[in-house]
Amino acid sequence: MRLPHLLGNEALKAALAALPPGGLGSAVLLDGPCGVGKRTAARDLAQALLCREKNGPCGVCPACRRAAAGSHPDLFWLEETEPGKGVKLEQVRAMRAQSFLRPSEAPFQVFVIPRADKLNTASQNALLKVLEEPAASLFLLLCENREAMLQTVRSRCKTFRLAPLPLPLLEQALRGRTDASAEEVRAAAARSAGLLGRGLDILAGQEPPSRRLAAEFCASLKQTELDTYAVCLKLGKLSREEYGDFCDESCRLLTEAAAKTGSGQFLDLFEYLEKQRAMLPQNPSVTALCGALAAFCGAF
Ligand SMILES: [Zn+2]
């Protein structure tokens, strides 16, 4: 089984290539940060599973072509019906019912659940039932945060972790996919943490505000307190979930900077951001959080 469109991840590819037929079992969890290539890997895997040729995907047989076009009758992607609302329990139940039906033409059906870690407990339990009674189906679960998934679901999956790309490979991949200048590509790659999807977002000007502001925030720490204050003001416009992403991304950037400089200069700030992150489930106001953050940075 090959993953022809996924870049890097040689260990994962070798592990998959060495699997005997049927070696994936009936549930697979692809784990890794947003933009690492989970959907690409899932598309390749689904194609490989449905391909009629040996050592697929061949990319040219009718099964491969329909899987790639999203029109294979035995391939289902469980996407949210309203943006940002998540997959609903009824959808999981419908998928469960579908999984007990006979496949149309392949030996089994393949179900892809792109944000399995966003499913609520009821949906995960509904999913668990189908993983417990394996029908002639294979489930590909994708997640960014394994910890958000029920242990009972995780333990039934064969887990593969996707890795970010080394910087030279990422730069090369970005160069081949955009007509941005060499300078823009280099800058985007440096800010992408090895994630191709993230690099493409940056180059297309579609970087989520939470991440853009995290970069601005961390850069402002080397400038004046007024600069930090100005960024904190902008943070007030984020939703609670976006503010959580901002905290995560800022912590990641601070860790990256600390590793580069070998200094623990921002350790207090790192811990403070983690504390704010942990408070989010109690629904604090984002305005209060960014005000407190500004005060913490001495920018108030
Ligand atoms: Zn094929």
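**Close-up views of a predicted model**

**View A. Asn 55 lies in the loop between α2 and α3.** This is a predicted model, in which local features need pLDDT of at least 70 and side-chain atom pairs count only at pLDDT 80 or more, while totals for chains, interfaces and linings use all residues. Residue numbers start from 1 along each chain as its sequence is written. Helices (H or I, at least four residues) and strands (E, at least two) are DSSP runs, numbered from the N terminus. Asn 55 is not a glycine, yet its phi is positive, about 50 degrees. Asn 55 counts as exposed, with 10 C-beta neighbours inside 10 Å. Here a residue is buried if 20 or more other C-beta atoms lie within 10 Å of its own, exposed if 12 or fewer, and partly exposed in between, with C-beta atoms placed from the backbone. The loop between α2 and α3 (62-69) also holds Pro 57, which is joined to Gly 56 by a cis peptide bond with omega of about 5 degrees. Most peptide bonds are trans, and most residues other than glycine have a negative phi.

**View B. Asn 283 is in the loop between α13 (267-279) and α14 (286-296).** Asn 283 is a residue other than glycine with a positive phi, near 55 degrees. Asn 283 is exposed, having 8 other C-beta atoms within 10 Å.

**View C. The largest nonpolar core has 56 residues.** A nonpolar core is a set of buried Ala, Val, Leu, Ile, Met, Phe, Trp, Tyr and Cys residues joined through C-beta atoms within 7 Å. Ala 46, Val 110, Leu 140 and Leu 141 have the most contacts inside this core. Helix α2 (residues 38-50) supplies the largest share of the core, 7 residues. The core lies between domain 1 (10-161) and domain 2 (165-204), because both give residues to it. Domain bounds come from an automatic or database domain assignment. Leu 140 touches Val 28, Leu 30, Ala 42, Leu 45, Ala 46, Val 110 and Val 112, not counting residues up to four places away in sequence. Two residues are in contact if their C-beta atoms, placed from the backbone, lie within 7 Å. A second, separate core of 21 residues includes Cys 232, Leu 235, Leu 238 and Cys 251.

**View D. Helix α7 (residues 167-177) packs with helix α9 (residues 196-203).** The angle is about 45 degrees and the axes are 10 Å apart. Axes are lines fitted to C-alpha atoms, for helices over the stretch in contact, and angles run from 0 to 180 degrees between N-to-C directions. α7 and α9 are therefore oblique to each other; angles under 35 degrees count as roughly parallel, over 145 as roughly antiparallel, 65 to 115 as roughly perpendicular and the rest as oblique. Leu 170, Ala 173, Leu 174 and Arg 177 in α7 meet Leu 196, Gly 199, Leu 200 and Leu 203 in α9.

**View E. Helix α11 (residues 225-235) packs with α14.** Their axes are 8 Å apart, at an angle of about 170 degrees. α11 and α14 are therefore roughly antiparallel to each other. On α11, Thr 228, Tyr 229, Cys 232 and Leu 235 meet Cys 290, Leu 293 and Ala 294 of α14.

**View F. Gly 70 is found in the loop between α3 and β2 (75-77).** Gly 70 counts as exposed, with 11 C-beta neighbours inside 10 Å. From C-alpha to C-alpha, Gly 70 and Gln 223 are 49 Å apart in space, and they are 153 residues apart in sequence.
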